[in-house]
Amino acid sequence: MYAEQLPLAGPVIARRVTGLNHSPVRQLLALSARPDVISFAGGFPAPELFDVDGLRAGFAEALADPSVRRNLQYSATEGNAELRELLAERLTRRGLSTGASDLLTTNGSQQALTMLTTALVDPGDVVLVAAPTYLAALQCFHLAGARVVPVAGDAHGIAPDALTEACRRYRPSLLYLIPTFANPTGHTMPLDRRRELAEVARRHSVWIVEDDPYGELRYRGEHLPPVAALPEAGEATVYVGSFSKTSAPGLRLGWVRAPGSLRRTLMLVKEAADLHSSTVDQAAAAVYLRTADLDGHLRAVVAQYRDRCSAMLDKLPSVLPPGSRWTSPEGGMFVWVRLPDGADASHVLTRAVDLGVAFVPGSAFYPVDPDHATLRLSFTTNTPDQISTGLSRLREALRQ
Ligand code: PMP
């Protein structure tokens, strides 16, 4: 048969994207826009707490003489030098010794995850994760053709023995961790567990990607050093950070701290993706870090989030049915709930939305074998009163 006689099937999309499903979080975000719904669904920072004046001043200076023309021009792939210097100082103050040249700026930490996956994971490679874990990281690994394997653990994180076993069995390229105030569980990995996992990963030559967008939002307990700061981590731990939860996610600015050899590769990946992050946004963020009091701002934000977190934790015992379990986070944005055996959070959600409250069913956060009885509640965008009202509605939905 000649080519022109073949039936036309129409253009097709690549195989790597055919299995992708729309994130249920995104579909739910549409609901949270309905004014009558109290949403515990999104992982959003509270907009009324944004430092609007500080950021406005940052943009005003970035768009004023003498730098406006430079800030509207193309710029270096590695990112704004002053911004990286200021970020490096902040990281160093938090116990992760960093120089400006160790960092690349990215479009949010999400782009850093994409770049790292491109640089470190070939199709068919195994990526090890905790289960449950951050949904969009799972999507990013799947898109790269990775085989995502969950490693067993407990409330302190992945278990070192299980990690050793998984490293032997799968020879993974990468271990993805959210050690501090994890999304979706709110769990924080204690220091010994950080050390043990770093040691196992190093012994098996596995890259650790440490994703830390929430680390500065601590409500109680002691600050813990990032895994990347530990001697056990060596040179194979890449640290990813973001302005999204400390300042504003609309900035789309994050950063990656990587060892020299990998950094050069990441630059090439970033260049191929978008040449560089927005010059003017980076310049505004640099002015902001130089002139505003981000630590003072964070203290105010943390005080509010602490109250909101307590409002949720105080009321949950009277909301959830007997046999439920939930986490009690020391920081971050999320409480993770497991309803009694046999419950299905997606069914509860349908009733909940009718009653004016939303959350995220937990199943989407599992790479395989989802636990349908789980759900994620975010406490950041509602006041304690709204949280109380929203939880009363949830109690009603659970009763039905
Ligand atoms: N990592 C984790 C664990 C997250 O929860 C998020 C946002 N929800 C991101 C990365 C991406 O954040 P951003 O790109 O806004 O920095």
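Tutor: The dialogue below takes up helix packing, then a sheet, then the backbone. This is a predicted model, in which local features need pLDDT of at least 70, side-chain atom pairs count only at pLDDT 80 or more, and totals for chains, interfaces and linings use all residues. Residues are numbered from 1 along each chain as its sequence is written, and side-chain values use heavy atoms, with hydrogens and water left out.

Student: How are two packed helices described, and at what angle do the axes of H5 and H11 cross?

Tutor: Two packed helices are described by the angle between their axes and the distance between the axes. Helix H5 (residues 81-93) and helix H11 (residues 279-291) have axes that come within 8 Å and cross at roughly 45°. Helices (H or I, at least four residues) and strands (E, at least two) are DSSP runs, numbered from the N terminus. Axes are lines fitted to C-alpha atoms, for helices over the stretch in contact, and angles run from 0 to 180 degrees between N-to-C directions. H5 and H11 are therefore oblique to each other; angles under 35 degrees count as roughly parallel, over 145 as roughly antiparallel, 65 to 115 as roughly perpendicular and the rest as oblique.

Student: Which residues of H5 and H11 meet?

Tutor: Glu82, Leu83, Leu86, Leu87 and Arg90 of H5 meet Gln282, Ala285, Ala286, Leu289 and Arg290 of H11, where contact means heavy atoms within 4.5 Å. In the contact of H5 with H11 there are six nonpolar, one polar and three charged residues. Ala, Val, Leu, Ile, Met, Phe, Trp, Tyr, Cys and Pro count as nonpolar, Asp, Glu, Lys and Arg as charged, and the others, Gly among them, as polar.

Student: At what angle do H3 and H11 pack?

Tutor: H3 and H11 pack at about 120°, with their axes 8 Å apart. H3 and H11 are therefore oblique to each other. On the H3 side, the contact includes Gly54, Ala57 and Gly58, and on the H11 side it includes Val280, Ala284 and Val287. Nine nonpolar, two polar and three charged residues make up the contact of H3 with H11.

Student: Which peptide bond ending at Pro66 is cis, and where does Pro66 lie?

Tutor: Most residues other than glycine have a negative phi, and most peptide bonds are trans. The bond from Asp65 to Pro66 is cis, with omega near 5°, and Pro66 lies in the loop between helix H3 (52-62) and helix H4 (68-71). The bond from Ala131 to Pro132 is also cis, with omega near 5°; Pro132 is in the loop between strand E3 (126-129) and helix H7 (135-143).

Student: Is Arg171 buried or exposed?

Tutor: Arg171 counts as exposed, at 70% relative accessibility; buried means under 20% relative accessible area, exposed over 50%, partly exposed in between (1.4 Å probe, protein chains only). Phi of Arg171 is near 45°, a positive value in a residue other than glycine.
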